[in-house]
Amino acid sequence: MSDTLNPHRQRWQHALQRTHQRIQHLPHHRTSGRVIRATGMVIEVVGLRVAVGSACRIELPSTKTHAEAEVVGFAGDKLFLMPLEEISGLMPGARVTPLGEGSGHSARRFPLGDSLLGRVLDGNGNPLDNGASVEESPRATLATIPLNPLARAPIDAQIDVGIRAINALLSVGRGQRMGLFAGSGVGKSVLLGMMARYTQADVIVVGLIGERGREVQDFIDNILGPEGRRRAVVVAAPADTSPLQRLQGAAYATRLAEGFRDEGRNVLLIMDSLTRYAMAQREIALAIGEPPATKGYPPSVFAKLPSLVERAGNAERGGGSITAFYTVLTEGDDQQDPIADSARAILDGHIVLSRTLAEAGHYPAIDIEASISRAMTAITTPEQQRHAQRFKRLFSRYQRNRDLISVGAYSPGHDPQLDEAVQRFPALERFLQQEMQECATIDKSRQALEAVVGG
C-alpha cells in the first residue's frame, strides 16, 4: 500500500516545492493607497511611497475592474497618477496598489525581439493587428543606460535612402539623426514611406505618435507597403490615446530600435512626430502644475526631447546603428516654433518641406536652400561636395532673381552666372523631383548630379 502511495506523495511534494518557490519571494503584507482627488487627467493618491515612473493599479469597484496608471509626480505625501487610458467608475477612496510589488521592480515591461517583425503594437506593447499573442516575447523595461558618447562609433558611412535629392545633396550617414520639418499636407508621410521602402536597413521601427487614427492604417497599407512591413515593427499611439501613452509609445519605439541595435543590426527609426511627443509631455506637465515657459511649453518638454533623441545613433565600434528620422510639425510653416527650434539644435541635420513647392506639384517638396546635413562632409567625396555646392549656387542664384525673370526684366549677357543658372534651371528642377515608385540609388544620384551641373 505504501509503495503505491509513494509516487502520489512524490508528486504532491514536487507540487508543494514549486508553489513554495513561487511564493517565498512575495511580501508578507501588501501596501496600498487610496484616491483622494481626481481633476482632469490627474489622480491624487495618499498612502503609497513609490518612485516617479512606477506603474500602479487602480481598483474600480463600481465596474469590478481595474485601470493601470503611472506615477508622474508628487507633492509631500500625495502622489500624482495619470491613467494609461480613459477610465470610468472611479470613486473617492478607490484602492491603489503598485504593480510588480515584491518582484524587485515596479516599472512595466514591454515585449522586444524578432517575433515582433511585421506586427503593429500600441503604446503598451499590445497587438493591434489581431495577430498572435506576444506574451512569449522577451521583455524589458523602457529605461536603458545611456551610451558613453566617446564610445560611440563615428558617422563615417553614407546610407542609401533611395531619394535622389537627399542622396546627392543632403547625404545621410549611418547612425545620423535627421529632422523632417513640415507643415500639414506637404507630403511628409509619402516621403517617410519612400525612405522606409528604399533605405538599406536590416530592421525598420516606425513610431506613429499622436497622429490621426485613420493615418495608421493608411501608412501601413499604402505607404509602408507589404515589402516594408515584413522587416518593420509599427508602434501606434494615435491622437485619441492618453498623453502618457503617446509618451510611452515614442519611448517604446526607441527601445525596440535599441534592442535590435544591441544585436548588431542596422536599424531605421521613423518617428512621426516629435512635435506630438512634445505636446503630450506639455499636457502632462501642465496637468501636474508645472508652470509654462516658452509659448506655453513647460521646461520639462525641452529636457525630454534630447533624452529621447540621444538614444538613437551608433553603438560602439563594430556594433549596430540607429539611423533616425523625426518629423517636426511647423505650425503655420513657422520655422521658429519653439519645438522646431529646439529640434534643429539637437538633431544632426534637417530637411525642410516647402508648402509653396507642394502646391506647385513639386514632389518631394524639399527646400534645398533651407535644408542641411551636418554629417555630409564626413561621408561624401570632395568631388560630390563640389558638385552639391555648385548645384546649390546655381539653384539659389535663379531663385533670388525669379521675380525679375517672371516679369521679363531679365536680359541675358549681363551676368554670366545668372545666365548659366537660367539655362540649367529646368534640369535642376527635374533633378529634385521624383515619383513615389521611383528608387534612386546613391550611385545613380551621384551620376545624375554630375550630369546636371556639368562637372
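Against which helices and strands do the buried residues of α7 pack? In this predicted model, the buried residues of α7 pack against the strands β10 (177-182), β13 (266-272) and β15 (321-329), and also against the helices α5 (243-262), α6 (274-287) and α8 (338-346). Helix α7 itself spans residues 299-309, and its buried residues are Ser300, Val301, Leu305, Leu308 and Val309. These residues lie on the same side of α7, because the arc they cover around the axis is only 155 degrees.

In soluble globular proteins, nonpolar side chains tend to be buried together. In the present model, the largest nonpolar core comprises 55 residues, and those with the most contacts inside this core are Ile166, Leu169, Phe325, Ile351 and Phe391. Helix α3 (residues 188-198) gives the most to this core, contributing 6 residues, while domain 2 (109-374) and domain 3 (384-453) each supply at least three residues. When neighbours within four places in sequence are left aside, Phe391 is in contact with Leu169, Leu428, Phe431, Leu432, Leu449, Val452 and Val453. Another core, of 53 residues, lies apart from the largest one and includes Phe110, Phe181, Phe260 and Ala312.

The side chain of Arg108 makes a polar contact with the side chain of Glu68 at 3.1 Å, and another with the side chain of Gln248 at 3.2 Å. With neighbours within four places in sequence again left aside, the residues in contact with Arg108 are Ala55, Glu68, Leu84, Asn124, Ala140, Thr141, Leu142 and Gln248.

Key. Residues numbered from 1 in each chain as written. Predicted model: local features only at pLDDT ≥ 70, side-chain atom pairs only at ≥ 80, totals over all residues. Heavy atoms only, no water. Buried < 20%, exposed > 50% of the residue type's maximum accessible area, 1.4 Å probe, protein only. Helix = DSSP H or I, 4+ residues; strand = E, 2+ residues; numbered from the N terminus. Arc of directions from axis to C-beta. Contact = heavy atoms within 4.5 Å. Core = buried A, V, L, I, M, F, W, Y, C linked by side-chain atoms within 4.5 Å. Domains from an automatic or database assignment. Polar contact = N/O pair within 3.5 Å; in protein donor to acceptor, adjacent residues only side chain to side chain.
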